[in-house]
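Trainee: I've got a model open on my screen and I'd like to learn how to read it. Could you walk me through it?

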Amino acid sequence: MARDSVLADLGAKGADGGAARELTEAVRRYRIDGASVRLADHDPGGTGPFTARDRGLARALLRAHTAWLTDRQRALAAQGQWAVLLVLQGRDAAGKDSLIRHVMSGMNPQGCDVTSFDVPNAEELRHDFLWRYHRHLPTQGKVGVFNRSHYEEVLVVRVRPEHLRSQHLHPSLIGPDVWDRRLLDIAGFEDYLTRNGTAIVKIFLNVSKEEQKERFLRRLRDPAKHFKFSPSDIRDREHWDAYTEAYEAALGATSTPRAPWYVVPADRKWYARLAVASILVHAIAELDLDRPAPLLADPETLQAARAALEDA
Ligand code: ADP
């Protein structure tokens, strides 16, 4: 589907067509195209073409994007030949959960699976490191969201060595090249998936250290938000720089044309949601969804079924 026709669709649904175009241009700059990544070059406070005063317009645009996604999800399910995987990564309090709620709000829950990955259980630790992620991939016709993902295997597992120790690996398998090998394995895994009908979009929600502190403090002040706080959040914050390095290595090694990474500014949640919606819209627009799937039954079988029903 041509980009202009997508933008026309978004404009036709009530939002400003020009703003959708500017958003598309801004979002394209978040894509990682080279192997060398410096997060310091990406501003977590960015709001693309908008200012805080444009929040009404941003809301209208988000509605237009979710309406578009709702419509195309139907086509994705009807055709049943592509799966879409949205990988969401970010530091604690980057806004992953609320982003999923907002961006996926109009989708049919039957065609959309969200999987959150926590610390692996005993069974998962006895398998190869990609096993538990493979089991939760979306099937053809569905959208899958990974809230944290196989990338934790080169992020938290890299930064906190006790996780690698719990993976039952022979010492000969965990030499200094273990992370480069895992990144190669991940890139190979994603290549394989894209060659077999899964479109992959990967988002790093880039929140600043200051904004993360504010969000933690808000959680601690508000009893209704206490459940979101975990002591490990503070421990991970102490490893901020180690996570930065691990993210930079992962983004640089695994951003490919078919499974690109986007570093999305996440200090302003209203903008992060809109940027991710735009990325998802354009990834789905690339799929050839209007070609009908081949009929499962041949015309004679359909005719016989019709005749049998009419005679019954
Ligand atoms: P979130 O922080 O995403 O809202 P939780 O508070 O449940 O969700 O945290 C999930 C935790 O599980 C995170 O600290 C994350 O680093 C950890 N985790 C996820 N995958 C793995 C993994 N493969 N190995 C170790 N820890 C993991």
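**Helices, a sheet and a ligand shell**

Mentor: Let's start with a pair of helices: α9 and α12 are oblique to each other. Keep in mind that this is a predicted model.

Trainee: At what angle do the axes of α9 and α12 cross?

Mentor: Angles of 65 to 115 degrees would be roughly perpendicular and those under 35 roughly parallel. Here the axes of α9 (residues 178-195) and α12 (residues 240-254) cross at roughly 40° and come within 9 Å, so the pair counts as oblique. The crossing is right-handed.

Trainee: Which residues of α9 and α12 meet?

Mentor: From α9 you have W179, L183, I186, A187 and E190, and from α12 A249, A250, A253 and T254. By class, that contact has seven nonpolar residues, one polar and one charged.

Trainee: Now the sheet. How do strands pair in general?

Mentor: Strands of a sheet pair through backbone hydrogen bonds, either parallel or antiparallel. In this model, five strands make an open sheet, ordered β2-β3-β1-β4-β5, with parallel pairing.

Trainee: Which strands are at the edges?

Mentor: Those are β2 (112-116) and β5 (261-265), each of which pairs on one side only. On average, neighbouring strands of the sheet are turned by 20° against each other, ignoring direction.

Trainee: Over how many bridges do β1 and β4 pair?

Mentor: Eight bridges, in the parallel sense, link β1 (residues 83-90) with β4 (residues 198-206). If you want a spot to look at, find V87: it stands opposite K202 in β4.

Trainee: Which strands does α4 lie across?

Mentor: Helix α4 lies across β1, β2, β3 (143-147) and β4, and runs at about 165° to β3. Helix α4 (residues 96-103) also has a helix partner, α13 (residues 269-285): their axes come within 10 Å and cross at roughly 55°. That pair is therefore oblique too, and the crossing is right-handed.

Trainee: Which residues make the contact of α4 with α13?

Mentor: On the α4 side, S98, L99, H102 and V103; on the α13 side, K269, A272, R273, V276, A277 and L280. Sorted by class, this contact has six nonpolar, two polar and two charged residues.

Trainee: Last one: which residues come nearest to the ligand?

Mentor: There are 13 residues around the ligand, and D118, V119, E152, V156 and H163 come nearest. The shell divides into five nonpolar, three polar and five charged residues.

Methods:
Residues numbered from 1 in each chain as written. Predicted model: local features only at pLDDT ≥ 70, side-chain atom pairs only at ≥ 80, totals over all residues. Near = placed C-beta within 6 Å. Nonpolar A, V, L, I, M, F, W, Y, C, P; charged D, E, K, R; others polar. Axes fitted to C-alpha atoms, helices over the stretch in contact; angles between N-to-C directions. Helix = DSSP H or I, 4+ residues; strand = E, 2+ residues; numbered from the N terminus. Parallel < 35°, antiparallel > 145°, perpendicular 65-115°, else oblique. Left-handed = near helix turned anticlockwise from the far one by under 90°. Contact = placed C-beta atoms within 7 Å. Pairing = 2+ DSSP bridges.
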